[in-house]
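Let's take a friendly walk through this structure, one step at a time. Have a look at the sequence and the 3D view, and then read on.

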Amino acid sequence: MASAAVSRPRDLPRLRTRTVLKHVVLAAVAIVIAFPFYWMLITAFKSFFEATRFPPTLFPEELHLENFATAWDSAAWPRFFTNTFVIAIAVTVGELVTSILAAYAFARLNFKGKGAIFMLLLATYMIPGEATLIPNFVLVTKYLRLGDTLQVQVIPFLASVFSIFLLRQHFLSIPNELADAAKVDGSGHLRFLWSVVLPLSIPVLVTVTLITALGVYDSFQWPLLVTNSDAVRPVQIGMAQFRTEFGAQYHLEMAAATFVIAPVVVVFLFAQRYLIQGVARTGIRG
Amino acid sequence: MRMKLAIIAAVMVVATACSGAAAPAPAQSTQADIDLSGQPIGLTLWHTQTGANAKALQDLVDKFNSTNGKGITVTLQYQGSYTQLYQKNLSAIQAGSLPELAVAYESFVADYMKADVVLNLDPYVKSKKNGLDQKSQDDIYKSYFDTNRFPQFGDQLLSFPFTKSLLITYQNDDILKEIGKSTPKTWDEFEAAARAAVKKGADGKTTRYGWASNISASTFNGWVLSRGGSLMSADNKTVAWDGKEGLASVQLFDKLLKEGVSYVPKGFDYQTDFGTAKVLFVQESSTGRPFFKSSFKQPINWSITNIPQSDPAKAKTVQYGANIAIFKSTPEKQLASWLFVKWFSDAQQTSDWAIKSSYMPVRKSAADVQSLKDSWAKDDPQGKQAFDFIGTSYPEPNVRGQQDIRTVIEDLLNAVAAGKVSDIPKALKDAGAKANQILKDNQ
């Protein structure tokens with residue numbers, strides 16, 4: 001204590017310098033992350049000429065609000081948004097149910113071959129998606145006959161190894177005493193899971209929900225592969241329709257990107273606290 | 001007796017041979033000659049068109065659906081970019097879920113033929129009942145047929161022209177006038193004009209370039225053809241662009257970049273650069289016309305001309321654009337698909353498509369269609385200028401492996417542009433060797 005008291009005046013400038021440096025680095029990283037969003041937003045308000053001008057302008061000279069109306073009229077957005085929300089909700093709910101049950105089993109139940117099965121499950125996570133894309137496509141279109149439906153964008157994603165792993169890590173951290181106490185009170189596994197484990201796991205559950213929902217919201221390759229008609233296609237395919245072979249309308253593309261990304265930003269702003277907590281509690285780093 | 005038998009046998013052989021020559025057997029009826037019963041036939045066409053082109057295509061398909069009188073209904077389905085469409089078709093081959101028709105580049109068709117899923121259109125073109133008469137066949141540009149014939153597959157006609165265009169030069173006439181030059185016909189004239197167009201600001205930075213040289217395998221192929229070179233050997237087993245014409249092309253590309261006469265544009269920047277008079281020449285697809293026009297903040301005088309040549313009397317450029325392939329299905333669906341493709345290539349339809357999409361019409365007689373003439377006269381004189389060069393456009397190779405060879409060429413050009421190539425002749429030879437290995441692997 002004495003040495004700390006003595007060294008305080010000398011450490012103060014060093015601490016200040018360290019804090020300032022930390023903030024400078026954080027501000028720089030924040031700018032790097034935020035700048036593409038800023039760029040998207042200002043380009044969405046620019047005219048075609050201003051959007052393609054070099055050197056570019058950092059603020060729009062005139063606000064072209066009509067870009068949003070033009071972009072909105074250029075694709076079947078209401079249908080695309082509805083499809084996306086339906087798919088995202090179905091996948092998220094389904095994945096939460098399967099992942100919670102599987103994670104609980106791996107974390108708190110004892111059964112023969114548990115370790116081996118869990119390792120096998122993790123091993124499937126190492127296989128790149130590109131390697132399984134065509135076999136999966138053949139499976140769902142040729143054998144399950146689910147091509148060009150909403151279901152084909154939901155069913156293959158109802159289980160996620162990553163979510164199981166994330167939840168298992170958290171469930172392992174719940175003290176055994178709580179399980180013992182619940183047992184004494186006459187609770188079975190499902191009751192314990194519902195009344196004790198899940199309420200203690202809200203941040204992790206929100207994290208899984210966000211990661212899953214955002215993953216579905218951003219998906220492009222699989223929906224493009226397995227769907228053919230706008231009636232069942234999601235927003236990202238709508239975005240792709242702004243690309244042409246011979247030219248780009250950046251201002252319209254950015255206007256569309258703005259309203260496509262808006263729901264994600266809103267959700268993230270409200271849920272970011274849980275996302276950070278969830279990742280921190282499971283000990284997983286990005 | 002033996003002599004008599006021999007004479008009789010010889011007479012019979014000669015008589016048989018003569019009778020065969022004098023009275024040919026009647027043409028065999030094929031699946032192209034069947035009658036459609038009038039039962040509804042649904043067809044799906046996978047395509048890549050977006051925006052105004054997608055709407056124009058839908059309008060034409062609606063017209064076909066309501067007027068064909070045979071119960072044929074075509075449904076359009078957008079499948080992303082050409083590459084995404086190609087990958088989806090490869091997946092669909094595995095799953096047995098191909099559509100009846102798909103837009104395809106020649107290299108795609110060659111790959112689909114690994115699975116033998118593409119319909120040979122020769123019997124359909126030749127069909128007395130449902131085909132194209134000789135006049136009609138002659139009306140369609142020969143090179144459009146040539147590009148859809150595949151030497152690796154017995155010269156069969158495996159696809160039909162759909163979205164055709166060609167490599168041409170976009171030229172700012174105002175700048176050309178300012179520097180006192182006329183439209184360059186040869187590569188030397190082109191180089192001189194490009195050099196004269198360069199302007200620098202007070203700070204020494206270039207404010208105007210002579211040439212926006214895009215990196216594209218197709219453009220490179222055009223440079224080789226325009227210098228009198230070939231892209232493939234006669235037997236189609238090795239590439240031929242690694243010869244002196246290819247070398248001259250890469251060396252000029254390198255020289256003008258190093259001297260600051262040209263630059264490699266990013267994305268579609270060359271359009272706005274052209275529209276704001278920051279560059280004299282751009283070599284691009286003729287279909288880019290509306291995008292160039294939309295980048296003109298102030299009206300400018302501009303025109304379309306052929307790419308420079310070694311011998312303008314034997315001008316050659318590259319033919320661009322995709323085709324439609326019909327996949328094997330039932331005889332009825334195959335014929336219905338062909339009838340749609342044939343209808344789409346009729347003078348009126350190909351003209352309507354050309355007006356709305358800026359692609360080139362596939363028939364010479366389109367030049368006589370009033371609506372196209374009006375469009376050229378009123379809105380699109382450069383469209384007519386490009387149309388007049390169709391006869392000089394030649395297809396790129398349609399051999400299996402061509403898709404990968406394109407990457408080899410573009411890798412070379414990128415390396416040159418990045419200043420990473422010190423020995424261009426060796427780099428070109430190496431690229432040729434790599435391409436030949438790809439061809440060998442794909443035999």
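Helix α15 (residues 347-357) of chain B and helix α16 (residues 370-378) of chain B have axes that come within 9 Å and cross at roughly 20°. Angles under 35 degrees count as roughly parallel, and α15(B) and α16(B) are therefore roughly parallel to each other. Their crossing is left-handed.

Which residues bring these two helices together? From α15(B) come B:Ser351, B:Asp352, B:Ala354 and B:Ile355, and they meet B:Ser371, B:Leu372 and B:Ser375 of α16(B). Sorted by class, this contact has three nonpolar, three polar and one charged residues.

Now step back to see how the two chains touch. Here 22 residues of chain A are in contact with 26 residues of chain B. On the chain A side, the elements giving two or more residues are α2 (48-51), α6 (129-143) and α11 (221-226) of chain A. Among these, α6(A) gives the most, with five residues. The chain A side as a whole has eleven nonpolar, nine polar and two charged residues. For the complex, the predictor gives an ipTM of 0.77 and a pTM of 0.82.

How confident is the prediction for chain B? Its mean pLDDT is 91, and 93% of its residues reach 70 or more. Confidence is highest in helix α11 (residues 244-258) of chain B, at a mean of 98, and lowest in helix α1 (residues 2-22) of chain B, at 45. Over residues 1-27 of chain B, pLDDT stays under 50, and the model has zero contacts beyond four places in sequence for them. Where pLDDT is low, the predicted coordinates should not be read in detail.

Conventions
Residues are numbered from 1 along each chain as its sequence is written. Chains are lettered from A and ligands numbered from 1 in the order in which they are written. This is a predicted model: local features need pLDDT of at least 70, side-chain atom pairs count only at pLDDT 80 or more; totals for chains, interfaces and linings use all residues. pLDDT is the predictor's confidence in each residue, from 0 to 100. Helices (H or I, at least four residues) and strands (E, at least two) are DSSP runs, numbered from the N terminus. Two residues are in contact if their C-beta atoms, placed from the backbone, lie within 7 Å. Ala, Val, Leu, Ile, Met, Phe, Trp, Tyr, Cys and Pro count as nonpolar, Asp, Glu, Lys and Arg as charged, and the others, Gly among them, as polar. Axes are lines fitted to C-alpha atoms, for helices over the stretch in contact, and angles run from 0 to 180 degrees between N-to-C directions. Angles under 35 degrees count as roughly parallel, over 145 as roughly antiparallel, 65 to 115 as roughly perpendicular and the rest as oblique. A crossing is left-handed if the near helix is turned anticlockwise from the far one by less than a right angle, and right-handed if clockwise.
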